[in-house]
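Dear colleague,

Please find below the structure that I am handing over to you.

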Amino acid sequence: MPSGQVDDDTALINSYGKKILINTDVLVEGIHFSDATTSPEDVGWKAIMANVSDLASSGVEEILGITVGMITPANTQWFWIENLYNGMQKALKKYGGNIIGGDCSCGQQKVIAISAIGTLGKLHLHRSNAIDGDCLIASGPHGLSRLGLALLLSDPLANKNKLSKTLKEKAINAHKRPEAPIDALQALISCKPKELPWRAAGTDSSDGLFEAIYSLCESSNCQAVLNPKELPRDIHWPIGSHWDKWCLEGGEDFELIASLPPIWAKALVEKFPTSRIIGFMKSGPPKIMWSNGNELKKEKLLDFKHF
């Protein structure tokens, strides 16, 4: 097994003159979706998009195809299956690729497992490529999906502040129909200064901003220093501790988080207006700190978790 292969969400295979990226992502009923908040078409969309997001954050050039593994209870109605695949097809129409195989079975709860295959482009983003002096950049705002879920569940925390109609609509859409950071990847590639090598670290923030940053630190054996004033918040995002928590750990944001040289990071901000430099990387054992030196503890967050 190549060194560092299991650090990323994708596998890289050198074959047939092309470098191939392979990724598998699983959506489980009751964990990632439920009938209370998510239509079957939205589930299908998100199942594809989550895989495309992982491929994008590794540097994909073209989506070749996907396979579908599905488990459903015996009493699942056909309209649910049909609309699930409608959502998948809409996502594939946007991002590319076709359904090229899969398997289905019966079980006690719905499970959708997608394996996506794509080709690697000029830039291989890998979590282990971050180095001391890099800027840490996020391609867009965080916490919107978590707010959208709270709004759909009528969570009182979502109504602690008087939220704008624009923010509510944006948050619900971010939860139901998130977008993979393909545009951010293309902007990152197109704005690379000519004098720099093709070296950058990257991942997506599907498990939350904190988890994404920490994965870069752990794989690259370095530290991240965050500027609290530059957290990637939406322009309409309220101020408050639990709002910052949702920004950091809400999960399912699907933005590109990258560690790259300062001049490249500044070029990306100019090229891709929703992106923001949120901190920098430095040498030292893996951890995340605020700019005042206080460590940001993972166990104090844990808002988004799979188990």
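**Findings: salt bridges, cores and rings**

At 16% relative accessibility, Glu41 counts as buried, because the limit for that term is under 20%. Please note that the model is a predicted one. Glu41 forms a salt bridge with Arg177, and the closest N and O atoms of the two are 2.8 Å apart. Since Glu41 belongs to helix 1 and Arg177 to the loop between helix 4 (165-176) and helix 5 (182-190), the pair ties together parts that are 136 residues apart in sequence. Arg177 itself is partly exposed, at 21% relative accessibility.

The structure holds eleven salt bridges in total. Another of these joins the side chains of Glu179 and Lys94, at 3.7 Å from N to O. Glu179 is in the loop between helix 4 and helix 5, whereas Lys94 is in helix 2 (residues 78-95), so this pair ties together parts that are 85 residues apart in sequence. Both partners are partly exposed: Glu179 has a relative accessible area of 41%, and Lys94 one of 48%. Asp234 and Lys170 also meet through their side chains in a salt bridge, at 2.8 Å from N to O. Here the loop between strand 8 and helix 7 (241-249), which holds Asp234, is linked to helix 4, which holds Lys170, and the two residues are 64 apart. Asp234 counts as buried at 7% relative accessibility, while Lys170 counts as partly exposed at 33%.

Turning to the nonpolar residues, the largest core has 50 members, of which Ile48, Tyr95, Ile112, Ile114, Leu188, Leu260 and Trp264 touch the most other members. Helix 1 (residues 40-56) supplies the largest share of this core, with nine residues. Setting aside residues up to four places away in sequence, the contacts of Leu188 are Leu123, Leu125, Leu256, Leu260, Trp264 and Leu268. There is also a second, separate core of 34 residues, with Leu209, Trp243, Trp246 and Ile288 among them.

Which residues are linked into a cluster by ring pairs? They are Trp237, Trp243 and Trp246. The whole structure has six aromatic pairs. In one of them, the rings of Phe210 and Tyr214 are stacked, because their planes lie at 5° with the centres 6.2 Å apart. Both residues lie in helix 6 (residues 209-220), four residues apart, or about one turn of the helix. Phe210 is buried at 3% relative accessibility, whereas Tyr214 is partly exposed at 23%. The rings of Trp237 and Trp243, by contrast, have planes at 90° and centres 5.3 Å apart, so that pair is edge-to-face. Both of these tryptophans are buried.

Two lysines sit over rings. The charged end of Lys94 is over the ring of Tyr95, 5.7 Å from its centre, and Lys192 lies over the face of Trp198, 4.7 Å from the ring centre.

One further residue deserves mention. Gln223, in strand 8 (residues 222-226), counts as buried at 6% relative accessibility. A polar atom of the Gln223 side chain lies 3.0 Å from the backbone oxygen of Pro285. Beyond four places in sequence, the residues that Gln223 touches include Cys217, Phe280, Met281 and Lys287.

With kind regards

Conventions: Residues numbered from 1 in each chain as written. Predicted model: local features only at pLDDT ≥ 70, side-chain atom pairs only at ≥ 80, totals over all residues. Heavy atoms only, no water. Core = buried A, V, L, I, M, F, W, Y, C linked by side-chain atoms within 4.5 Å. Buried < 20%, exposed > 50% of the residue type's maximum accessible area, 1.4 Å probe, protein only. Contact = heavy atoms within 4.5 Å. Polar contact = N/O pair within 3.5 Å; in protein donor to acceptor, adjacent residues only side chain to side chain. Salt bridge = Lys/Arg side-chain N within 4 Å of Asp/Glu carboxyl O. Phe/Tyr/Trp six-rings, centres within 6.5 Å; stacked < 30°, edge-to-face > 60°. Lys NZ or Arg CZ within 6 Å of the ring centre and 35° of its normal.
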